[in-house]
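Reader: I am new to this structure and would be grateful for a close look at one part of it.

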Amino acid sequence: MTLTADLDLSQIPFWGLPQAERTEAFRRLRQMDHPVFMREQAIPFVGGGKGFYALVRHADVTEASRNAAVFSSEPCSNSIPDMPRWLSVYFGSMINMDDPRHAKLRRIVSRAFTPRILQKMEEDLARAAAEIVDQAIEEGPGDFVAQVAAMLPVRVICDMMGVPAKFHDMVLRQTNIILGNTDAEYTGVGPELTRGNVARGLVKLLRAGFSLNRLAARLGDERRKRPTGDLVSLLVNGEERLTSQQLGSFFILLVVAGSETTRNAIAHGLKLFTDNPEQRAILLNNFDGHIVTACDEIIRYSTPVIQFRRTVKQDHEMNGTRYKKGDKVLLFYNSANRDEAVFPDPDMFDITRDPNPHVGFGGPGPHYCLGAHLARREMTVMFRELFTRMPHIRSVGEPDYLLSNFINGIKHMNYTF
């Protein structure tokens, strides 16, 4: 079928439409009989393919997520076009692998997310959140993302990896470039994919990947000689260990997925509580009783990671649609999280929603987010500190959203307290 511009998810300008218009577009796509096939937008110097099927229903997204034998993460899951070697060396990582390679790497890096490790982090999380709020109170109201939301996740990830504090700002700048690769503020690319602005954006993207990879490699070399007990020491020593290249790719994955996702959830959370004062009142009336379901509802409603790609490994039929070997499918988590067949009143923000089978941390299966529990803990600690120390905090005006078909990001958001 021929898609109208307001339904064509393959074009970057679609992702610059107001959020309400995009939500309505996905509602219309969910009402269609079958997943729609969309022509792929070619990217200069990277290329493209014939197109992809847009999986927008909760049932399709969860079934494809479970069936990794058919819906493969290889050759890449974090890029619609196949990623050239000169990009995948930095941005490949285990999310672009199937088992057994994926299972082996996941087993190694899961050492970072054991209950014992996370329990040890509780005091560090509380102290970091308190210091961030101290600084925000001293500076006064401004940009909530820069002053608060972006601060805790990057600090937590860097502390886990043993990255010295002097590099934290650099890490944040590079992750902004990596995830803002189609946003003119960070890379100069923007909605028009001309050869000139794509070339400039790719240079910045490669530099960002190289900088983070080099930092991780340097830390790995140091920890092989002098282990300190931090995460890098665990990953490069022992019977199963990461190579320097694997460590660099994992570090980029961790700081990008671990910091950016939580950062955007915190920013969206403040906006949602501002726009829904009755939900804010419910939370503040019984914070401990509602914060767990509140965090999941923020993740469901905002869905910081919009989509991941899968590639069909063999001819397959799913829910009445035939897929051929080599077909690309995109799992649109944002749409699955608003599926009327699963969520009553899906466009309502309800922190008491239970059950809440959202796919904001990825669908069920081997690639479910390793850091989901950590993200919830960071959100809990940050909102507790904010609402205790700044009881009247609220966002002001409309946020400045990231132009991206991958991350539902807030770049800047004014706030007051």
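In what order do the strands of the open sheet of 5 strands stand, and with what pairing?

Author: This is a predicted model. In the open sheet, the 5 strands follow the order 1-2-7-4-3, and their pairing is mixed. The edges are formed by strand 1 (36–39) and strand 3 (71–72); each has a single partner strand, so one side of each is left without a neighbour in the sheet. For strand 1, the partner is strand 2 (residues 51–55): the two run antiparallel and are joined by 4 bridges. Within this part of the sheet, Met38 is placed opposite Phe52 in strand 2.

A helix accompanies these strands. Helix 2 (residues 58–66) lies across strand 2, strand 3 and strand 7 (328–332), and runs at about 120 degrees to strand 7.

The nonpolar core may be considered next. The largest nonpolar core has 133 residues, and Phe144 and Phe332 are those with the most contacts inside it. Helix 12 supplies the largest share of this core, with 14 residues. When neighbours within four places in sequence are left aside, the residues in contact with Phe144 include Ile266, Ala267, Leu270 and Tyr415.

Helix 12 (residues 244–275) also contains Thr261. With a relative accessible area of 10%, Thr261 is buried, because the limit for that term is under 20%. A polar atom of the Thr261 side chain lies 2.8 Å from the backbone oxygen of Ala257. Apart from neighbours within four places in sequence, Thr261 is in contact with Val256, Pro304 and Val305.

Technical notes. Residues numbered from 1 in each chain as written. Predicted model: local features only at pLDDT ≥ 70, side-chain atom pairs only at ≥ 80, totals over all residues. Heavy atoms only, no water. Buried < 20%, exposed > 50% of the residue type's maximum accessible area, 1.4 Å probe, protein only. Polar contact = N/O pair within 3.5 Å; in protein donor to acceptor, adjacent residues only side chain to side chain. Contact = heavy atoms within 4.5 Å. Core = buried A, V, L, I, M, F, W, Y, C linked by side-chain atoms within 4.5 Å. Pairing = 2+ DSSP bridges. Axes fitted to C-alpha atoms, helices over the stretch in contact; angles between N-to-C directions.
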